[in-house]
Amino acid sequence: MATAPRETAEAWTALTRPSGSGGQRTTAPGVSSVSLDGLLRTGLDRSVPQIGAPKAWESGYDGEGVTIAVLDTGIDTTHPDLAGGKVIAEENFSTSPGTTDRHGHGTHVASTAAGTGAASGGTYRGVAPGAKLLNGKVISDENTGTESGIVAGMEWAVAQGADVVNLSIGAPDSPGEGPMERALNRLSAESGTLFVVAAGNTGPAAGGVTTPGTADAALTVGAVDKEDRLADFSARGPRPADAAPKPDLTAPGVSVGAALAEGSALAEEAEPVADGYGAVSGTSMATPHVAGAAALLAQQHPDWTGRRLKSALTGSAAAGGGHSVFEQGTGRVDAARATAQTLAAESSSLAFGTRQWPHQDDEPVTGTVTYRNDGERDITLALTTETTGPDGGAAPEGMFTLDAERLTVPAGGTASVGLTADTRPGGDRNGAYGVTVTAAGGGQSVRTSGGLVREEESYDLTVRTTGRDGTAPGAWAVTLYDFARRTFTGTGSEDGASTVRLPRGTYLLSHEILHADATGENVTGLDWQLRPELELTGDTTVAFDARRAEPVELTVPDPEAQLVNVAMSFDMTVPGMPGGDSTVSSVWLTPELPDGFHTGHTGPEAGPGMLHAKAVGSWESGGDTEYRTAFGQEDRLFTGLRRDTRAAELAELSVGQGTTAPGRSGSLLTEPDTGDLGAGWTVSLIREAPGTVRQFLNTDGVRWSHSYAQLSPEQQEEAYYTGPQRAAYTAGERHAHTFNVGVFGPLIEADTADGLYRRGNTLLGRVNPLADGSGHRGRSGYDSASTTLYRDGEPYAASEDVLDRTEFTLPEGRAGYRLVTTLSRGGAGTPARQVTAEYTFSSEYGSEEKVRIPASAVRFTPELALDSTAPAGAETEIPVTVQGAAAAEGPADLRVLVSFDGGGSWRELPVRDGRVIVTNPVEAGTGVSLRAELTDRAGNELTQTVTDAYLIREN
């Protein structure tokens with residue numbers, strides 16, 4: 001078995017149990033033995049020899065004179081492996097400044113393809129260390145890019161004379177030839193450049209190869225580990241359009257250790273393997289191995305086009321046992337064999353397409369494999385086939401047939417053999433079938449892949465569309481969801497009809513027509529219609545008529561209110577599908593459109609309780625006032641909706657948006673629940689903070705959930721808190737909520753999972769160390785943290801994180817424990833700049849179930865301003881609430897102390913009627929620190945300290 005890092009301790013606990021003292025363990029009942037599998041990492045010192053590159057070097061081929069373009073996140077040219085003129089040209093096509101690699105992905109890729117290994121004394125040398133590099137930054141520092149930017153990078157690389165272009169990038173493929181595929185195929189044909197592209201990390205599901213790896217001319221690369229076992233994440237084919245085998249081949253891509261860009265995001269995330277190097281997994285890491293191998297071959301054959309390089313590399317690949325052509329193509333790249341062979345196939349693969357159901361009348365299809373012999377002697381080849389079917393077994397006898405079993409290829413010439421695919425055999429075994437033709441002779445062998453899809457029972461679905469004016473609209477689209485297979489298919493056209501081939505089944509159809517202005521760039525209207533269920537049991541035609549959709553028009557009783565957007569959504573669940581209930585949801589979030597937003601339900605209603613539709617309107621008025629209205633409906637999408645909400649139907653909320661530092665902004669999200677599965681489909685408006693927002697919400701048939709985020713000047717989240725969830729308000733009532741205001745500190749609420757626990761011999765906890773003064777849970781940034789456990793007075797274990805992210809393994813026997821958890825954030829002027837909780841208790845092994853350990857928290861809840869301040873010289877009344885183990889019967893002892901010097905000295909405050917009173921210092925900027933010392937009636941202790949619990953402002 002394999003576990004994620006966070007789950008390892010839990011798995012170990014489940015498989016073992018305590019045995020004796022001293023922390024020893026034995027196997028749990030029913031487990032005969034447990035062996036830990038050693039963690040193996042593959043650096044370039046392993047993966048480069050794995051593909052045979054050193055043997056090519058010995059033959060004099062290290063990539064010298066060849067140029068590889070790396071189109072990625074940039075390249076760190078200060079890394080010794082990539083310095084000294086290795087990069088000969090740079091250009092930026094991303095939205096980030098410069099060509100520097102702040103992400104780290106591109107540097108790792110470039111190092112694998114052509115790094116010199118200088119920083120490691122040659123240990124972590126790339127595949128083609130003699131090659132030069134082009135640095136085309138097409139992906140931003142945030143790891144995003146645009147199709148236009150990538151295409152521009154491809155064109156630039158070709159113009160710069162790149163022999164090989166590495167594209168360790170990809171996006172979900174869509175029907176037809178997309179912009180990146182089109183550009184790749186065109187540039188390959190025009191220039192002879194070879195584009196080596198990552199297959200993607202969408203495995204193990206079939207049909208997930210990403211674009212532009214789906215392009216015909218692309219040499220598409222999957223990933224294997226150091227034992228040539230296929231990586232689970234490696235994308236699989238076939239290519240949907242024609243059942244072509246993709247990826248074309250594989251290369252090492254699991255825990256590959258290569259150069260790290262200094263200070264980059266990847267340098268923080270990668271597993272270190274040596275100084276300046278880190279291990280990362282993905283088909284992105286496999287791809288530059290192949291790009292480097294292509295450079296070695298291009299040095300050997302400078303007159304070869306990218307197509308010849310591709311066919312030579314795929315033909316010479318090493319077979320991977322047990323994998324189909326849709327998983328590995330022809331096998332794992334072998335640079336040694338590629339540079340040694342004089343025999344190659346003219347093409348890398350054959351695509352026999354999808355053969356439509358039924359199959360009794362299918363016609364055989366024949367493709368041709370042509371071999372080229374660049375040697376000085378004729379070669380006689382023995383031809384064999386290896387096949388796989390959709391179930392992993394061999395294809396039926398007679399599905400793939402060669403014209404001949406032997407073929408002689410003359411020296412300096414070519415010879416061809418026919419490969420016939422016949423889908424009549426197979427009975428009810430439908431799906432993807434693959435074949436590998438191996439031609440062996442003269443000490444050489446060439447592998448060529450082929451594929452087809454034998455269609456399951458399927459039918460033509462024709463969708464006809466009529467626009468608002470009664471004619472065919474210029475452009476429309478329909479998305480179809482297959483409930484049984486949980487897959488989406490799309491189609492559309494620029495006239496009134498389109499036909500798509502689909503397996504028999506139950507489908508949902510979501511149909512859209514977008515209206516645009518004369519430029520075609522600005523959307524002016526939208527028609528959305530939904531047919532929730534269609535049983536496809538034969539060739540079928542479905543019609544959508546926009547004239548039957550009606551407008552969505554929502555208003556609120558404020559003439560100054562400006563509509564922000566209208567959201568229309570649905571979720572639908574169909575029970576009894578293979579694998580259980582199948583659920584799909586969708587939403588349109590639209591601004592105010594000149595030509596309106598029209599919606600409509602077509603066809604029968606969904607079954608009772610299967611579909612819920614929701615409409616949400618959002619408005620802003622006067623800069624500090626918002627309106628939200630939401631309406632739900634069962635079993636069908638709204639066919640238009642007209643609602644004029646009156647003031648008497650609204651509840652009023654006053655929401656305080658706190659901040660813990662100046663120059664911040666706040667984002668308040670208020671989401672409606674009308675009985676649907678989703679969260680709400682509404683907007684969050686960003687405002688300067690601190691500040692107060694008034695919200696007016698409708699109340700009939702809707703509940704509201706609230707959350708708040710503090711944002712940095714760069715609009716990055718610094719704190720996030722959740723407020724009331726699915727709250728039912730009453731029209732005419734007023735409510736108030738305050739977020740992100742002190743006193744921040746631990747929270748152990750009753751009837752929740754808060755607190756300390758022992759599960760077997762694992763100690764864990766959730767104490768929410770920075771819950772805000774209103775008791776809202778959430779997260780807030782901190783600079784450092786530590787959690788230390790003492791056993792019988794001696795240090796036992798420690799972690800550099802908060803308790804909520806820490807687990808400790810305890811000995812079985814009973815002992816006294818002291819657990820201290822601390823976090824620090826910001827500096828002077830930051831409320832709750834340090835929070836510490838110290839718990840004292842006894843514990844021993846009792847059960848493998850989760851057992852609560854007595855632990856308490858003390859909440860301080862004064863009324864503070866939205867920046868967590870109180871006026872200088874004034875008295876501040878602070879309610880004191882005990883939570884957790886001591887809450888029910890009350891503590892045996894409770895002391896509250898205050899400090900005005902950051903905890904240097906403390907003074908006890910009398911607790912009267914559940915509160916203390918602090919006379920604030922007169923100096924603005926002073927922090928008021930609070931400490932609680934508590935003993936419960938069982939003798940368990942808590943010391944809780946909040947340094948600078950609140951701050952003093954000028955009165």
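This is a predicted model: local features need pLDDT of at least 70, side-chain atom pairs count only at pLDDT 80 or more; totals for chains, interfaces and linings use all residues.

Biologist: Good. So is arginine 726 buried, exposed or partly exposed?

Modeller: Arginine 726 counts as partly exposed, because its relative accessibility is 40%. Its backbone has a positive phi of about 55°, although arginine 726 is not a glycine.

Biologist: Where does arginine 726 sit?

Modeller: In the loop between strand S42 (717-722) and strand S43 (734-739). Those labels come from DSSP runs numbered from the N terminus: H or I runs of at least four residues are helices, and E runs of at least two are strands.

Biologist: What about alanine 832, what is its phi?

Modeller: Alanine 832 has a positive phi of about 55° too, again without being a glycine. You'll find alanine 832 in the loop between strand S50 (815-824) and strand S51 (834-843). At 0% relative accessibility, alanine 832 counts as buried.

Biologist: You mentioned S8. Which strand holds valine 197?

Modeller: S8 itself, residues 194-198. Valine 197 is buried, with 0% relative accessible area. Leaving out residues up to four places away in sequence, valine 197 touches Leu167, Ile169, Leu184, Pro212, Gly213, Ala218, Leu219, Thr220, Val221 and Thr287. Contact here means heavy atoms within 4.5 Å.

Biologist: How many Å separate the C-alpha atoms of valine 197 and threonine 506?

Modeller: 36 Å, and the two are 309 residues apart along the chain.

Biologist: New topic: helices. At what angle do H5 and H6 pack?

Modeller: About 10°, with the axes 10 Å apart; H5 covers residues 147-159 and H6 covers 179-191. The axes are lines fitted to C-alpha atoms, for helices over the stretch in contact, and angles between N-to-C directions run from 0 to 180 degrees. H5 and H6 are therefore roughly parallel to each other. For those labels, under 35 degrees is roughly parallel, over 145 roughly antiparallel, 65 to 115 roughly perpendicular, and the rest oblique.

Biologist: Which residues make the contact of H5 with H6?

Modeller: From H5, Glu147, Ile150, Val151, Met154, Glu155 and Val158; from H6, Pro179, Met180, Ala183, Leu184, Arg186, Leu187 and Ser191.

Biologist: And why do you call helix H9 largely enclosed?

Modeller: Because eight of the 10 residues of H9 (306-315) are buried. They are Gly306, Leu309, Lys310, Ser311, Ala312, Leu313, Thr314 and Gly315.

Biologist: Where is threonine 339?

Modeller: In helix H11, residues 335-340. Threonine 339 counts as buried at 9% relative accessibility. Beyond four places in sequence, threonine 339 touches Ala56, Tyr61, Leu296, Leu297 and Gln300.

Biologist: Last one: what's the strand order in the open sheet of seven strands?

Modeller: S25-S24-S27-S28-S33-S30-S36, with mixed pairing. Strand S25 (487-493) and strand S36 (641-644) are the edges, each pairing on one side only, and the twist averages 25° from one strand to the next. Two strands pair if DSSP finds at least two bridges between them.

Biologist: How many bridges join S30 to S36?

Modeller: Four, and S30 (residues 550-555) and S36 run parallel. Glutamate 553 stands opposite arginine 642 in S36.

Biologist: What comes between S36 and strand S37?

Modeller: A loop that includes threonine 645, with S37 at 650-657. Threonine 645 counts as buried at 7% relative accessibility. Not counting residues up to four places away in sequence, threonine 645 touches Thr555, Val556, Pro557, Thr629, Phe631, Leu650 and Asn698.

Terms used: Residues are numbered from 1 along each chain as its sequence is written. Side-chain values use heavy atoms; hydrogens and water are left out. Buried means under 20% relative accessible area, exposed over 50%, partly exposed in between (1.4 Å probe, protein chains only).
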